[in-house]
Amino acid sequence: MTQRGIAILGSTGSIGTATLNVVARHPDKFRVVALTAFANATLLRQQVQQTRPAYVGMVNLNDDSDSSWATGPESLVAAATLPDVDVVVNAIVGAAGLDATLAALHAGKRVALANKESLVMGGDFVMRACTEGGGEIVPVDSEHSAILQCIGSRPMSEVRRLILTASGGPFRDWSAERIANATVADALNHPTWSMGRKITIDSATLANKALEVIEAHYLFGLPYDCIDVVVHPQSIIHSFVEFVDGSVLAQVGFPNMELPILYALTHPDRVVDSGARRFDPAATSLTFEPVDGDRFPALATGIRAGLQSGCAPTVFNAANEAAVCLFLDGSIAFGDIHRAVRSALRQLAVLPSATLADLTAADAAARTHVQDFPVRKTRGE
Ligand code: NAD
Ligand code: MG
């Protein structure tokens with residue numbers, strides 16, 4: 001493999017720092033060309049000292065930042081399209097990652113996509129940018145990486161069904177009443193994965209799995225009724241692919257994002273790496289159970305938004321982001337996250353979606369709608 005230039009967008013986050021670990025183990029294969037972060041200047045500076053990238057961007061400059069760094073959301077697009085960049089690791093959280101995904105694909109880059117919100121907010125536009133620009137999306141999300149690895153070089157006409165696994169999150173065996181009033185600390189206490197705050201809350205509501213079903217729909221081109229979800233509390237099987245002859249393949253490994261990150265950088269090749277804990281089947285028990293839609297309504301709500309298409313997935317994603325923010329800052333209860341999202345969808349899912357500007361407007365409308373949710377709730381609306 002010739003050495004690849006890497007841009008890491010969101011380098012200070014959970015996936016960003018894991019990517020830097022992977023890259024540091026393979027200096028012959030990867031060279032960091034660009035790093036971007038939102039506001040953590042201290043960590044970004046350390047990363048810059050270690051990797052010496054040609055380009056550094058920080059969206060929100062502050063007193064601790066370096067005057068040589070680029071700034072604003074434009075810096076994400078600039079980093080993603082530098083000529084020396086072969087692979088853009090999009091590890092930004094939320095819809096803020098969309099423009100960089102589109103720009104990288106238009107510029108013909110490989111996008112190692114952790115930022116699933118890009119695909120949920122603008123799936124049709126992202127897939128079109130991929131075709132038109134000659135870029136490529138390789139998923140970082142462990143479930144989609146598993147699916148890609150199981151499909152290998154077989155054509156999609158041989159795939160009958162995808163089964164995404166879900167850990168079930170911290171509330172898997174909690175009652176509905178207890179879940180409704182779970183605290184922030186309860187919701188951030190994920191049983192198997194250590195991740196950023198937003199995705200950890202999404203894993204507790206199961207909205208994350210809805211985002212992933214929509215992500216799988218776009219990445220693999222299968223209709224929603226060919227994508228199922230099963231709860232697998234150990235997070236060791238990362239997903240299944242059922243083929244047309246009835247054979248089912250799964251990808252297996254202890255939960256650690258460094259493996260799917262490395263695979264997204266090297267796909268379809270595999271390279272020698274010491275990052276993954278060795279698998280021992282004799283020391284592993286694997287169990288599965290159906291999702292309880294009554295206690296975790298976000299999954300069905302999100303899939304319905306996906307099926308509805310148009311701007312519904314955009315509204316689902318933006319409303320969810322805004323509601324998770326409100327929950328994290330203590331403004332709403334855990335059970336209100338889904339109520340706020342459902343309310344936004346009821347009102348806004350029919351907004352126009354013909355252009356990217358339409359989707360941006362729907363995203364903004366959904367955020368405003370959710371922002372007002374606590375006030376409407378107090379009024380009993
Ligand atoms: P995180 O919160 O730990 O990190 C987010 C990164 O994005 C940070 O570097 C932050 O500086 C940057 N960022 C935040 N807001 C930004 C903005 N408005 N503009 C530009 N940059 C911004 O999140 P994470 O857990 O690393 O997740 C990142 C993405 O990867 C999410 O889409 C998440 O769903 C996905 N993902 C994460 C994991 C995981 O294990 N953490 C697994 C699968 C998928
Ligand atoms: Mg995942």
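Biologist: Which residues come nearest to ligand 1?
Modeller: In this predicted model, Thr12, Ser14, Phe38, Glu117 and Gly196 come nearest, out of 23 residues around ligand 1.

Biologist: And what's the make-up of that shell, in terms of nonpolar, polar and charged?
Modeller: The shell around ligand 1 has 13 nonpolar residues, seven polar ones and three charged ones.

Biologist: Which helices each supply at least two residues of it?
Modeller: Those are helix H1, spanning 14-25, and helix H5, spanning 116-133.

Biologist: Nice. How about Glu117, what does its side chain do with ligand 1?
Modeller: An N or O atom in the Glu117 side chain sits 2.6 Å from an oxygen atom of ligand 1. Backbone atoms take part too: a polar one of Gly10 is 3.1 Å from a ligand 1 oxygen, and an N or O of Gly13 is 3.0 Å from one.

Biologist: How much of ligand 1's accessible area does the protein cover?
Modeller: On its own ligand 1 has 820 Å² of accessible area, and the protein covers 86% of that.

Biologist: Switching to the metal, which residues are the protein donors of the magnesium ion, ligand 2?
Modeller: Asp141 through OD, plus Glu143 and Glu212 through OE, at 2.1 to 2.3 Å from the ion.

Biologist: How are those donor residues spaced in sequence?
Modeller: The pattern for the magnesium ion is D-x1-E-x68-E.

Biologist: Is Asp141 buried or exposed? And why do you say so?
Modeller: Asp141 counts as buried because its relative accessible area is 8%, and the cut-off for buried is under 20%.

Biologist: What about Glu143, buried or exposed?
Modeller: Glu143 is buried too, with 7% relative accessibility.

Note on methods:
Residues are numbered from 1 along each chain as its sequence is written. Chains are lettered from A and ligands numbered from 1 in the order in which they are written. This is a predicted model: local features need pLDDT of at least 70, side-chain atom pairs count only at pLDDT 80 or more; totals for chains, interfaces and linings use all residues. Side-chain values use heavy atoms; hydrogens and water are left out. Donors are N, O and S atoms within 2.8 Å of the metal (3.2 Å for Na, K and Ca); water is not among the atoms, so sites may look incomplete. Buried means under 20% relative accessible area, exposed over 50%, partly exposed in between (1.4 Å probe, protein chains only). A residue is near a molecule or strand if one of its heavy atoms lies within 4 Å of it. A polar contact is a pair of N or O atoms within 3.5 Å; within protein, one must be able to donate a hydrogen and the other to accept it, and residues adjacent in sequence count only if both atoms are side-chain atoms. Accessible areas come from the Shrake-Rupley method with a 1.4 Å probe; for residues, only the protein chains shown count as cover. Helices (H or I, at least four residues) and strands (E, at least two) are DSSP runs, numbered from the N terminus. Ala, Val, Leu, Ile, Met, Phe, Trp, Tyr, Cys and Pro count as nonpolar, Asp, Glu, Lys and Arg as charged, and the others, Gly among them, as polar.
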